[in-house]
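I opened this notebook to record ring pairing and accessibility. The entries follow the order of my look-ups.

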Amino acid sequence: MWTIIKINKKNLSLLKKDFLVKLGNDVKFFIPKLKLNIFNKSKLLTKESFLLGDYILCFHKDFEKKSILSSL
């Protein structure tokens, strides 16, 4: 089952580590990003931004169980 999780972008790596420890390696994260290349005074600048803002999508087969969701 897929879930939508509101995150703090600074703590994204901590969230991923916690989920992997608690749920195992079969957790899948979907974080769509937009990569923009901008020319500014003959320099190429690259910017990345999250398409969903402060949200990510996470999949695990045990999310159907309410006990798992409440423990997280």
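Does Phe19 count as buried or exposed? I find Phe19 buried, because its relative accessibility is 9% (buried is under 20% relative accessible area, exposed over 50%, partly exposed in between, with a 1.4 Å probe and protein chains only).

I note that this is a predicted model, in which local features need pLDDT of at least 70, side-chain atom pairs count only at pLDDT 80 or more, and totals for chains, interfaces and linings use all residues. Residues are numbered from 1 along each chain as its sequence is written, and side-chain values use heavy atoms, with hydrogens and water left out.

I next looked up aromatic pairs (rings of Phe, Tyr and Trp, the last by its six-membered ring, with centres within 6.5 Å; planes under 30 degrees apart are stacked, over 60 edge-to-face, the rest tilted). The count comes to 2 aromatic pairs.

I recorded Trp2 and Phe59 as tilted, because their ring planes stand at 50°, with centres 5.2 Å apart. Trp2 lies in strand 1 (residues 2–6) and Phe59 in strand 5 (residues 55–59), so this pair ties together parts 57 residues apart in sequence. Helices (H or I, at least four residues) and strands (E, at least two) are DSSP runs, numbered from the N terminus. Phe59 is partly exposed, at 25% relative accessible area.

I also recorded Phe19 and Phe29 as tilted, with ring centres 6.1 Å apart and planes at 50°. Phe19 belongs to helix 1 and Phe29 to strand 2 (residues 28–30), so the pair links parts 10 residues apart in sequence. Phe29 is partly exposed, at 23% relative accessibility.
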